[in-house]
Amino acid sequence: MQSRTQRTEATSARRRFRVVLVKPSHYDDDGYVIRWFRSPMPANSLATVYGLIADCAQRKVLGPDVDIDILAIDETNTRVRLDRIIADMRGNGNFGFVGLVGVQSNQYPRSLDLAKPLRDAGINVVLGGFHVSGMLAMFAGISADLQQALDMGVTLFAGEAEGRMDQVLRDAAADALKPMYNYIDDLPALEDAVTPFLPGNTVRKTIGNVTTFDAGRGCPFQCSFCTIINVQGRKSRRRTPDDVERILRDNFAQGIDRFFITDDNFARNKDWEPIFDRIIKLREEDGMDVRFLIQVDTLCHKIPNFVAKAKRAGVTRIFIGLENINPDNLLAAKKRQNKITEYRDMLLAWKAVGIWTYAGYILGFPNDTPDSARRDIEIIKKEMPLDVLEFFFLTPLPGSEDHKTLWKKGVPMDPDLNKYDLEHALTPHANMSKAEWEKLYRDAWEIYYTPAHIETILRRAQACGINILRLAQIILWFSASPTVEKVHPLQGGILRLKNRHERRPELPMVPAWRFFPWLAWDFLAKHARLAGAAWRILRIYRRVARSAGRPYTDLAMSPVTEDETATLELFTHNKSAREAVDHARKVRTLTGAAGPASAVLGSTA
Ligand code: B12
Ligand code: SF4
């Protein structure tokens, strides 16, 4: 085992049941495991499963004479030493199991590669997460990839483990694990459920004082590319304000005061307000300076008090699934709640309170062409007050309606699950060849993060009282990860580590004499590019910082006006945009709502 300090406390019990939890990474395009000296933040999936097993350990679910040791390994920042795990398990008579945790589709091939030697050594392996849950949620039978795991003797876990972990541990301890535990149709309530937790040692392998937790699960909307609604449901299930307070206090006591609340749509957490109220109390009365990144939808600014309370609760950044600025594309993806006539209102509402915005943008919707997508990014830069934009390929993720529909229609999808990371073109596109689509994805980052636009983003942010040094660092991260490290910023980290023994088994191991010079050259070349990018952004930052105090405005920052639907390209660039404006105007006339056409459904908070 790796580190004694990572285990739960030892007592003098006669037997020790070993649980090794691994959150697997996946392979890059050269076949090497994506691992960093420091990853950006702890995985909430790992924290959730760790918390549940630690709770079982505390309650002695395996009997008074059995202690449960837990080791948590996040492969994005720690090498998984299978040899040591196998030796340790052997030394303990294989009394324990390895849990492969929160396995996404892109991590499934790596997970099976980790499972194989463990199973060969007779060690029990339980694999859970979005891939297994998503496949079993959408298909009645067992797909070939799940069957492969079952054939290896890997136990699959589908659904959520709250309230189910005692059973898994007892079965594992009796060496009587079932081939599959399937709770996908029985989602547990989260009120008073065991809360996520990771030991300090694991958290310290990430960049800083940020950790993750989910205050709730589920989203009411129906986006066809989304897996969440099919795995976690459309009903809001949430933790209580008491539980949230405990999570915050426990972390604060360990020096952790920044949090990513992983709810896919916190605005639709039915208890967003009591939770915010509790956090406001902690901040304003108890002096706990906690800060948050939350994920919300594009209509959240319409919820009375939402933006104002988010500000008081210490939200400093929000992530929005903007996805596209073409209403016909949004409609095709059933993302009906995204209305381009609301975008500027929503972004200005967040800007007005000094909260910075990240948005996801999907490339490859049915009506996209390489030229239209490039034009759309330029429109966003000019007319929308957005800070950080990140790009994804439209991907039929297992667990989504899109995946099921394509499968039923027999549309070819790339069979390599390792590529289902939103960074690969996996299906044919009506308007683009694969090469054109891939080029568009690569170009998109460069089109958005030009030096001129980085300066504009910083100027807009400074005018709203946002910490632009921090924003400049995040811009460096988002602009350099895909261009220099060739990974999405959400998979990025500090100092890429590669081990020649950890290559995809389908690819040959490179001899040492070739591997190490290549690695050294790769390291130098990338860090030279990174240093160049950092220097350029630093100079822009300094220039902007020197102008602090001087008023700044531009088209994107201008308040929404009555006539902008006739003048801004956002509303006029194609037929579907013009139709969306007409539709919004009709709704306004029918409902008698006041205000400009782009504020048809209400005004900003
Ligand atoms: C937070 C988050 C991140 C964070 C942190 C990672 C993490 N997993 O915590 C960051 C920002 C790093 C991230 C990155 C990425 N993510 Co992400 N992420 C999420 C998010 C929003 C929450 C994850 C979470 O905490 N869920 C709650 C936990 C409790 O659920 P769970 O993981 O399913 O675990 C439960 C059960 O599955 C089960 N279980 C799980 N494991 C095990 C193991 C055992 C032994 C047992 C018994 C039970 C069990 O019990 C758990 C408790 O109930 C999810 C969406 C979502 N709602 O889950 C997307 C999601 C998991 N991410 C996704 C993707 C694609 C990515 C990226 C590839 C995106 C990109 N291009 O960069 C990267 C991959 C990088 C990486 N190393 O993970 C997809 C995966 C879809 C799929 N079919 O594979 C999701 C579902 C979002 C989506 N778009 O659909 N992500
Ligand atoms: S709003 Fe987000 S979480 Fe909700 S269904 Fe759409 S993509 Fe999924």
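Leaving aside neighbours within four places in sequence, E485 touches W36, A480, R496 and K526. This residue belongs to helix α18, which covers residues 468–485. With a relative accessible area of 12%, E485 falls under the 20% limit, so it counts as buried. Please keep in mind that all of this describes a predicted model.

## The chain as a whole

Stepping back from that residue, the protein chain contains 22 helices and 16 strands. Its C-alpha trace spans about 75 × 60 × 55 Å along the principal axes.

Of the 605 residues in the protein chain, 59% are buried. If we take contacts between residues at least 6 apart in sequence, 80% of them join residues at least 24 apart.

## Around ligand 1

Ligand 1 has 42 residues around it, and the closest are N44, S105, T227, D264 and D421. Sorted by class, this shell holds 15 nonpolar, 19 polar and eight charged residues. At least two shell residues come from each of α1 (44–58), β4 (96–100) and β5 (124–128). Helix α1 gives the largest share, with four residues.

Some polar contacts are worth a look on screen. A polar backbone atom of G102 sits 2.9 Å from a nitrogen atom of ligand 1. Q232 brings a polar side-chain atom to 2.9 Å from a nitrogen atom of the ligand, while a polar side-chain atom of Q107 is 3.3 Å from an oxygen atom of ligand 1.

## Around ligand 2

The residues surrounding ligand 2 are C219, F221, C223, F225, C226, I229, D264, K335 and Q337. By class, six of these shell residues are nonpolar, one is polar and two are charged.

## Helix α13

Helix α13 runs over residues 340–352, and its 13 residues should span 18 Å at 1.5 Å a residue; the end C-alpha atoms are 19 Å apart, which agrees. Because 12 of its 13 residues are buried, α13 is largely enclosed by the rest of the structure.

The buried residues of α13 are I340, T341, E342, Y343, R344, D345, M346, L347, L348, A349, W350 and K351. Just after the helix, G354 adopts a positive phi of about 75°.

## Two loop residues with positive phi

Most residues other than glycine have a negative phi. Against that background, K60 is not a glycine, yet its phi is positive, at about 55°. K60 is located in the loop that links α1 to β3 (66–74). Its relative accessibility is 30%, so K60 counts as partly exposed.

D175 is another residue other than glycine with a positive phi, here near 50°. The loop that holds D175 lies between α6 (165–173) and β7 (180–182). At a relative accessible area of 59%, D175 is over the 50% limit, and it is therefore classed as exposed.

Technical notes. Residues numbered from 1 in each chain as written. Chains lettered and ligands numbered in written order. Predicted model: local features only at pLDDT ≥ 70, side-chain atom pairs only at ≥ 80, totals over all residues. Heavy atoms only, no water. Near = heavy atom within 4 Å. Polar contact = N/O pair within 3.5 Å; in protein donor to acceptor, adjacent residues only side chain to side chain. Nonpolar A, V, L, I, M, F, W, Y, C, P; charged D, E, K, R; others polar. Expected span 1.5 Å × (residues − 1). Buried < 20%, exposed > 50% of the residue type's maximum accessible area, 1.4 Å probe, protein only. Contact = heavy atoms within 4.5 Å.
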